[in-house]
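I opened the notebook to look up a few things in this structure. My entries follow.

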Amino acid sequence: MEVDILIKNASQLATCAGSERPRRGKEMSYDILIEDGWVAIKGDRIVGIGKESIPGEIETGPDTLIIDATGKTVVPGFVDSHTHLVHGGSRERELAMKLEGVSYLEILNRGGGILSTVRDTRAASEEQLLEKARKSLDIMLLHGTTTVEAKSGYGLNLDDEIKCLRVAKELNDTHPVDIVSTFMGAHAIPEEYRDDRGGYIDYLIEEVMPRVIRLKLAEFCDVFCEKGVFSVEESRKILARAREMGYGLKVHADEIEPVGGAELAGEVGAVSAEHLLAASDRGLEMMKANRVIAVLLPGTSFNLYTGKYARARDMINMGLPLAVATDYNPGSCPTENIQLIMSLACLKMKMTPEEVITAATINGAHAVGRAKETGSIEVGKKADVVVLDVPNIQYMPYHFGINHVDKVIKKGKLVVDNQKLLKFN
Ligand code: IZC
Ligand code: ZN
């Protein structure tokens, strides 16, 4: 078979293969690497992988792109399983308040934070939101991210939520990066419902959520279950109805206060629970019993200035599957760079480089329902493959804060070469 792309001589090839269920505990670090590896691609699919010599049936011709990865490391395209990609404006003016010690939730209570981004997002046109999100998506792709989950939650009414979800759909259709959309109308109580929380929740359940799912604009439904935002009871009500409507479930759980979000994620059978800095042992046990993936976001911990990180080692030791993602958003984590987040996962949460690679690839793919298609380098999967200019996988988190990507192949097409975006479409 004549192949379209052949990557050979990779000093390390992280396959992260074996993808029926998320990797957990020790599985997050063993059997993910091939030394001196090769990968063959035809069309949009991976058609061969191996070690050292390439068998005769993998043929090259004049049109085959041969990539010599000597001294380099090849990994699956990163899956950023938690972002707030589509939004208007930015929040750098809150930096001074944070430096003075005003907390994230206090800024939100004063009408800033998420609510300030809601004002900017409502004021922006669909085209303006599209251009801004497209730039961020380009940056993500340049850093090796090939699949992104994108939450709504800055419109907080029917028209503006749909506007943001349509932007995500348009990007999914026109940009090489695949986007998985999550509806997050329960991100904050909008100002016009300040004195009628129940009324807002009923509006979401009765008017917005059915419309979004009917228009096929989101697969998942997420709730910011947090002290002063949505209580466990309110979150349970929204998630229970979301499940009936056919959404997969996600929960922003116990990010700041231990309110019982992890327990709720277990109880409702969420696909994932996010943040978990303050999660209780019981909550983590309930997640494990119900196969909930823990999506950890150490960039947010870093940027909240509390010094508190999720207990990744405890979670791995008890056998929970972990994913690691950016949480890219204009407030608590304004960065698209998943490699920086992977470094923080090592340096601040004591995850090993092997665990972090698993968490940012195959386990991220499970967290967004795409593990059959992407997240590992396996025959039959989509050819989402990244060549890193590093000699081994330890080197990437160690040499932190810069972009190590040399090439990105998305669905079998070379879209980044020598750290530059190539023309697509
Ligand atoms: O805009 O602050 N935590 N939601 C929950 C966020 C952070 C995004 C934001
Ligand atoms: Zn978030």
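Where is the place of D327? I found D327 in the loop between strand 13 (322-324) and helix 12 (338-349). This is a predicted model.

**Backbone entries**

I checked phi next. Most residues other than glycine have a negative phi. D327 has a positive one, near 65 degrees. I count D327 as buried because its relative accessible area is 2%.

R291 also has a positive phi, near 55 degrees. I located R291 in the loop between helix 9 (281-289) and strand 12 (293-296). R291 is exposed, with 62% relative accessibility.

**Cysteine entries**

How many disulfides does a search of the whole structure find? I got 0 disulfides. For C16, the nearest cysteine sulfur belongs to C346 and is 14 Å away. C16 is buried, at 0% relative accessible area.

For C164, the nearest cysteine sulfur is that of C221, 15 Å away. C164 is in no disulfide. I noted C164 as buried, at 2% relative accessibility.

**Salt bridge entries**

Side chains of opposite charge can pair when their charged atoms come close. I searched the whole structure and got 31 salt bridges.

R236 and E267 meet at 2.7 Å, N to O. R236 sits in helix 7 (residues 232-245) and E267 in helix 8 (residues 261-268). They are 31 residues apart, and the pair links distant parts of the chain. R236 is partly exposed at 31% relative accessible area. E267 is partly exposed at 43%.

R313 and E355 form a salt bridge at 2.8 Å, N to O. R313 is in helix 11 (residues 312-317) and E355 is in helix 13 (residues 353-359), so this pair ties together parts that are 42 residues apart in sequence. R313 is partly exposed, at 27%. E355 is buried, at 4%.

K382 and E373 meet at 3.9 Å, N to O. I then followed the shared partners. Salt bridges join K382 and E373 into one network with D44, R45, D178, D384, K410 and K411. K382 is buried at 13% relative accessible area, whereas E373 is partly exposed at 28%.

**Surface entry**

Which residues form a negative surface patch? I listed E2, D4, E57, E59 and D63. D63 lies in the loop between strand 3 (45-51) and strand 4 (65-68). I count D63 as exposed because its relative accessibility is 69%.

Conventions
Residues numbered from 1 in each chain as written. Chains lettered and ligands numbered in written order. Predicted model: local features only at pLDDT ≥ 70, side-chain atom pairs only at ≥ 80, totals over all residues. Heavy atoms only, no water. Patch = residues over 30% accessible without salt bridge, like charges linked within 9 Å, V, L, I, M, F, W, Y side chains within 5 Å. Areas by Shrake-Rupley, 256 points an atom, 1.4 Å probe, with all protein chains shown as cover. Salt bridge = Lys/Arg side-chain N within 4 Å of Asp/Glu carboxyl O. Lys, Arg positive; Asp, Glu negative; His and termini not counted. Charge placed at Lys NZ, Arg CZ, Asp CG, Glu CD. Helix = DSSP H or I, 4+ residues; strand = E, 2+ residues; numbered from the N terminus. Buried < 20%, exposed > 50% of the residue type's maximum accessible area, 1.4 Å probe, protein only. Disulfide = S-S within 2.5 Å.
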